[in-house]
Amino acid sequence: MLKIYLDNCCYNRPYDDQSQIRISLETQAKLYIQGLIKDKQIELVTSYMFDYENGKNKLGKRKQVIAEFMESNESYYVGSERDTIRRLEVDR
């Protein structure tokens with residue numbers, strides 16, 4: 001199955017000004033991919049670096065929504081130690 005890693009910018013794109021066509025298209029693509037993840041058609045990979053970056057988000061509600069999506073849908077987690085990858089339970 002295809003595994004995908006999205007950086008923090010992807011998760012924040014829907015909160016950006018959608019009046020620019022490029023931003024709107026990137027948002028639509030991200031939301032489509034997010035739907036594939038929720039439907040378990042592709043597997044989401046997350047990492048300690050993503051947790052760190054999202055933790056720095058000063059907008060509390062946005063940070064919380066992103067963290068909840070990650071926790072609910074991640075299939076693999078890349079840890080801070082070299083070559084540390086753990087497979088998470090698929091059936092949550």
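**Charged pairs and burial**

Reply: At 8% relative accessibility, glutamate 43 counts as buried. Buried means under 20% relative accessible area, exposed over 50%, and partly exposed in between (1.4 Å probe, protein chains only). This is a predicted model, where local features need pLDDT of at least 70, side-chain atom pairs count only at pLDDT 80 or more, and totals for chains, interfaces and linings use all residues. Residues are numbered from 1 along each chain as its sequence is written, and side-chain values use heavy atoms, with hydrogens and water left out.

Me: How many salt bridges does the structure hold?

Reply: A salt bridge is a side-chain nitrogen of Lys or Arg within 4 Å of a carboxyl oxygen of Asp or Glu. By that rule, the count is four.

Me: Which parts does the pair of glutamate 43 and lysine 3 tie together?

Reply: The two side chains meet in a salt bridge, 3.6 Å from N to O. Helices (H or I, at least four residues) and strands (E, at least two) are DSSP runs, numbered from the N terminus. Glutamate 43 lies in β2 (residues 43-47) and lysine 3 in β1 (residues 3-5), so the pair links parts 40 residues apart in sequence: strands β2 and β1.

Me: Is lysine 3 buried or partly exposed?

Reply: Its relative accessibility is 43%. Lysine 3 therefore counts as partly exposed.

Me: Which helix holds both glutamate 26 and arginine 22?

Reply: These two form a salt bridge, with the closest N and O atoms 3.3 Å apart. They sit four residues apart, about one turn of the helix. That helix is α2 (residues 21-38).
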